[in-house]
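Here are some notes on the structure shown below. They are meant to be read with the model open beside them.

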Amino acid sequence: MPIKEIVNHPHSHWMDAEGEESDIVISSRVRVARNLAGIPFPHLLKKEKSNEVIHALRLAIQNEEAAELLGNLELCALSELTPLERQILVDKHLISPEFLNNYEAKAVVLRDDEVVSIMVNEEDHLRIQCLLPGLCLKEAWNIIDKIDDGLEKTLDYAFSEKLGYLTSCPTNVGTGMRASVMLHLPGLKLTKQLYGVLNAIGKLGLTVRGLYGEGSEALGDLYQISNQITLGQSEEDITNNLISSTLQILNQEKAARQALYQNRQEIIEDRVHRAYGTLKYARILTLEETMRLISDLRLGVALNIISGIGIRLLNELMVKIRPAFLKKISGQEMTPPQRQVYRAGLIRKELEAVPQ
Amino acid sequence: MLCDHCGQRQATVHLTEITNGHKTESHLCQVCASEIQAQGFGFAPQLNLHHFMAGLLNHELGGANYGQQQADGEKCARCGMAEGQIMKQGLLGCGDCYPYFEEKMQPLLRRIHGNTRHTGKVPGRTGGRARTVKEIENLKNRLREAVGREEFERAAQFRDAIRQLEKTLEEGGEA
Ligand SMILES: [Zn+2]
Ligand SMILES: [Zn+2]
């Protein structure tokens with residue numbers, strides 16, 4: 001799909017819920033940082049020089065010798081997209097939110113299946129990303145590895161024998177690799193074990209992230225776990241470490257869900273059905289409330305309390321209900337209260353379509 | 001101050017995010033804040049490492065009191081990035097900054113990564129030599145394993161392959 005089409009569709013492959021353990025692991029992402037040899041890092045570049053980097057990448061993705069490794073890539077300057085289209089790429093997790101700052105000197109490359117994206121002139125000249133559903137880190141690294149080899153047929157990277165791939169921030173030097181998984185952890189939260197587990201993870205050299213709102217909880221019980229260390233470990237070490245830590249968390253989450261279901265069955269069932277009922281019938285929904293309800297419903301689907309609803313639909317909803325997509329679908333500017341009404345209407349329609 | 005999110009309107013809402021005990025702040029306009037406040041997950045602003053890094057670098061480069069006047073310090077010969085600037089931004093200027101500030105970077109890298117030596121992927125083009133060095137290391141490991149298992153014939157093959165590669169290296173070539 002061309003980029004101008006990709007921004008019209010809420011769906012993306014990572015939402016397909018088809019990888020391993022996809023009821024808990026929403027998606028796996030691997031991202032590597034690469035810089036071109038002999039050119040200062042993006043934060044020092046004037047627009048003209050930045051455009052040279054973009055041009056070099058354009059040549060690299062057109063190199064026929066690399067076509068087999070690269071697949072069907074399309075490059076688009078960020079300035080060719082509307083602000084709304086740029087925001088949709090962020091909401092679909094294809095580019096980072098920071099990438100939207102000073103967008104004039106930047107470009108994005110997407111593979112037509114949306115599995116691979118490249119941010120050009122972010123903090124580094126290239127940030128190559130692969131995003132897959134479920135626990136799929138090895139596959140994601142293999143895909144990145146190939147794309148990287150393909151680009152290298154044309155580009156010279158800034159690399160040192162001792163320090164590896166040179167990056168603008170020393171926290172990325174070495175492999176330049178950041179691998180992450182997005183986890184749904186309502187069981188650990190409800191059983192009040194979450195912070196213990198996340199603290200332990202922190203001690204293993206991994207970073208846990210979630211935006212903390214009013215209280216101290218991540219929205220929708222979603223947490224992103226990623227590696228911190230990029231120097232002195234191979235790409236395989238990094239993915240293996242993250243996989244084994246993720247499996248530990250998965251076991252804890254599964255045990256917590258089982259314990260909840262066995263000891264507090266009515267309470268859990270009540271919670272799930274209330275969420276389903278609210279989503280089905282509410283007339284006004286804020287983003288925060290919706291994410292909380294989707295989290296409960298998702299738990300209900302995973303525990304087979306609710307049938308007929310796929311995890312895939314819920315993944316897609318998480319993107320659809322965000323302001324950018326609501327604006328896209330409605331085709332109009334809305335005030336926050338108008339948006340909350342529109343959001344509730346959209347969710348009702350989506351859930352009515354589910355066979356009872 | 002402009003809004004971090006849309007970059008267009010004046011920022012009036014200041015949010016604090018705490019990740020692994022590090023505090024980061026985002027500054028938003030009223031419009032963006034009303035939706036962003038509670039959203040989060042993958043889209044959350046990344047932990048602002050730059051402030052954090054800048055603090056560390058400042059400490060490592062020994063310039064606890066780098067004032068504005070002497071903010072320059074030494075400058076990278078290629079990109080012109082000065083020590084003081086690196087400290088302030090937490091970012092290096094180009095690939096050459098690494099060898100240029102190597103001595104000062106070492107303790108910092110050790111602190112961040114617990115290590116100062118790359119062991120991962122080596123690019124085929126720019127890293128030809130490094131790729132050979134890595135291949136030799138791999139073969140040496142396999143040689144050791146073969147000896148451990150008393151597979152001397154295989155060990156001899158590995159030894160020959162290592163010698164061959166070392167010779168190419170000495171001759172300045174790439175394998
Ligand atoms: Zn704004
Ligand atoms: Zn430099």
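1. A salt bridge here is a side-chain nitrogen of Lys or Arg within 4 Å of a carboxyl oxygen of Asp or Glu. The side chains of A:K254 and A:E21 form one, with 3.0 Å from N to O. A:K254 sits in helix α8 (residues 235-263) of chain A, while A:E21 is in the loop between α1 (3-6) and β1 (25-34) of chain A, so the pair ties together parts that are 233 residues apart in sequence. This is a predicted model.

2. How many salt bridges are there over all chains? By this rule the count is 28. As background, side chains of opposite charge can pair when their charged atoms come close.

3. The overall build comes next. Chain A contains 13 helices and ten strands. Its radius of gyration is 21 Å, close to the 21 Å that the globule rule gives for 356 residues, so chain A is as compact as a globular protein of that length. Along the principal axes, the C-alpha trace of chain A spans about 65 × 45 × 35 Å.

4. The domain assignment divides chain A into domain 1 (3-256) and domain 2 (265-352). The contact between them involves 25 residues from domain 1 of chain A and 20 residues from domain 2 of chain A. The C-alpha centres of the two domains are 27 Å apart.

5. The size of an interface is often given as the accessible area lost when the parts come together. For domain 1 and domain 2 of chain A, about 2100 Å² is buried between them, and 70% of that is on carbon and sulfur atoms.

6. Which charged and polar pairs link the domains? Two salt bridges are counted between domain 1 and domain 2 of chain A. A:D16 and A:R312 also meet through their side chains in a salt bridge, at 2.8 Å from N to O. Between the two domains of chain A, eight residue pairs are in polar contact.

7. On the side of domain 1 of chain A that touches domain 2, the elements giving two or more residues are α4 (83-91) and α6 (186-190) of chain A. Of these, α4(A) gives the most, with five residues. By class, that side of domain 1 has twelve nonpolar, seven polar and six charged residues.

Conventions. Residues numbered from 1 in each chain as written. Chains lettered and ligands numbered in written order. Predicted model: local features only at pLDDT ≥ 70, side-chain atom pairs only at ≥ 80, totals over all residues. Heavy atoms only, no water. Domains from an automatic or database assignment. Contact = heavy atoms within 4.5 Å. Buried area = accessible area lost by both parts, 1.4 Å probe. Polar contact = N/O pair within 3.5 Å; in protein donor to acceptor, adjacent residues only side chain to side chain. Helix = DSSP H or I, 4+ residues; strand = E, 2+ residues; numbered from the N terminus. Nonpolar A, V, L, I, M, F, W, Y, C, P; charged D, E, K, R; others polar. Rg over C-alpha atoms; globule rule 2.2 N^0.38 Å.
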